[in-house]
Amino acid sequence: MIQFVSEHLNSFLSPDLLPVILPGILFVLGVVVGQVVNAWVRRMSFKPGIQPLSCCQACGARFPLWKLIPLLRWIPLQNRCRQCSIRLPRSEFLLELATGGLFALFYFMAVQQRCLEIPAVVPPGFMFEWRLLYHFVLLTLLVAATSIDFREYLIPDQITMPGMLIGLLGATIAGQLQIVHVWVDWNQAIPGLSGPYIPEWIKLHSHWHGLIWSLAGLIAGGGLTWILRLVSSVLLGQEALGFGDVTLMAMIGSFVGWQPILLILPLAPLCGLLIGFISRMVTGKTYLPYGPYLCAATLIVLMGWKWIWLAEWPSTVAGAPPEFSIRRLFGDALGLAILSGIALGALIVMLLLLRIYRAIPVKRR
């Protein structure tokens with residue numbers, strides 16, 4: 001894994017080059033994964049006459065072998081079909097490029113910035129590398145869901161159902177892939193004496209904890225999104241979320257747990273509102289799929305997890321606990337009720353703003 005590769009590269013490369021070489025390797029790997037995702041999305045498409053990557057979408061003519069090389073197949077001077085002169089889809093090139101950049105960025109955030117490293121949750125031994133691989137699988141699934149949702153306005157079960165199974169099995173078998181335990185109470189922490197309260201069974205039964213932690217995230221992600229689907233239908237007078245969004249959040253929850261889900265859900269409408277408003281002004285489209293914004297919110301929470309979880313408002317009294325701390329809200333029933341109320345209020349406000357902006361007339365030039 002990463003540590004194994006680093007040790008072998010270090011034998012013939014300067015240590016100063018490793019922070020550059022490894023992201024470069026992951027960028028290339030991400031580009032290849034992006035091409036695989038492109039092929040996978042084409043196979044899942046419901047549009048008739050969809051051709052594989054090796055053939056032209058318009059006439060079905062086969063491309064030369066070098067046209068199967070990721071990124072290079074999009075050389076500007078030769079990105080047309082020789083038979084019908086149709087250009088290759090630009091969106092597929094952007095997806096390959098974005099996937100490579102996403103892999104490199106996540107490596108930088110997770111390995112060099114330690115974005116997932118919080119007190120009381122430190123993966124032992126090679127579990128850090130396994131957790132990194134676990135999240136790269138999640139990133140690949142998010143890229144696939146985003147791509148097909150933009151194309152087809154749906155997220156098929158071929159992505160989310162296997163994703164849930166991978167999330168559950170990976171968490172159960174490894175037992176140390178969580179970014180936060182299923183239950184941790186920072187309200188009982190005593191500065192300088194003891195850390196947060198963590199139930200003893202979590203330490204003794206890591207594999208059972210992995211299953212329960214992942215299953216709790218799956219239920220929270222799917223259940224809360226189902227409730228949001230019903231609420232948004234009432235507020236907007238139309239179905240704003242599809243069942244694919246419900247299964248997508250269930251899949252995400254199986255990889256990240258239930259606590260991040262409570263932060264992803266109120267953040268997603270903000271992503272959708274901002275990007276949707278720009279799209280409305282530029283293209284005049286009044287409807288955009290919601291799945292990509294759930295994925296965007298997931299990336300923001302995942303790459304900013306350490307700073308989000310440890311965020312607090314310090315007390316004005318020396319030695320006293322902070323006046324406000326996000327992680328303390330997850331430690332008791334009252335904190336969870338407050339957080340749920342804030343999330344629900346934010347969702348309602350964002351949905352109402354979404355309804356208002358859709359009603360604004362737009363003149364296209």
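# Salt bridges and a nonpolar patch

User: Does E92 count as buried or exposed?
Analyst: In this predicted model, the relative accessibility of E92 is 2%. The cut-off for buried is under 20% relative accessible area. Because 2% falls under that limit, E92 counts as buried.

User: Which residue forms a salt bridge with E92 at 2.8 Å?
Analyst: A nitrogen of the partner has to lie within 4 Å of a carboxyl oxygen of E92 for the pair to count. At 2.8 Å between the closest N and O atoms, the partner is R42.

User: How many residues apart are R42 and E92, a pair that links distant parts of the chain?
Analyst: R42 belongs to helix 2, residues 18-44. E92 belongs to helix 3, residues 90-112.

User: Is R42 buried or exposed?
Analyst: R42 has a relative accessible area of 7%. Buried means under 20%, so with 7% the class of R42 is buried.

User: Which helix holds the residue that meets E92 in a salt bridge at 3.1 Å?
Analyst: The N to O distance of 3.1 Å belongs to the pair of E92 and R151. This pair links distant parts of the chain, 59 residues apart, with E92 in helix 3. R151 lies in residues 127-152, which form helix 4.

User: Which residues are linked in a network of salt bridges?
Analyst: E92 pairs with R42, and E92 also pairs with R151. The linked residues are therefore R42, E92 and R151.

User: What is the N to O distance in the salt bridge between E117 and R114?
Analyst: Both residues are partly exposed: E117 has a relative accessible area of 35%, and R114 has 33%. The search of the whole structure finds four salt bridges. For the side chains of E117 and R114, the N to O distance is 3.6 Å.

User: Which helix gives the most to the nonpolar patch?
Analyst: The surface patch of about 470 Å² is made by L224, W226, I227, L230 and F243. Four residues come from residues 206-236, which form helix 7.

User: Where is F243, and what is its relative accessible area?
Analyst: F243 is in helix 8, residues 243-256. Patch residues need over 30% relative accessible area. F243 is partly exposed, with a value of 44%.

Conventions: Residues are numbered from 1 along each chain as its sequence is written. This is a predicted model: local features need pLDDT of at least 70, side-chain atom pairs count only at pLDDT 80 or more; totals for chains, interfaces and linings use all residues. Side-chain values use heavy atoms; hydrogens and water are left out. Helices (H or I, at least four residues) and strands (E, at least two) are DSSP runs, numbered from the N terminus. Buried means under 20% relative accessible area, exposed over 50%, partly exposed in between (1.4 Å probe, protein chains only). Patches are made of residues with over 30% relative accessible area and no salt bridge: like charges are joined within 9 Å, nonpolar side chains (Val, Leu, Ile, Met, Phe, Trp, Tyr) within 5 Å. Accessible areas come from the Shrake-Rupley method with a 1.4 Å probe; for residues, only the protein chains shown count as cover.
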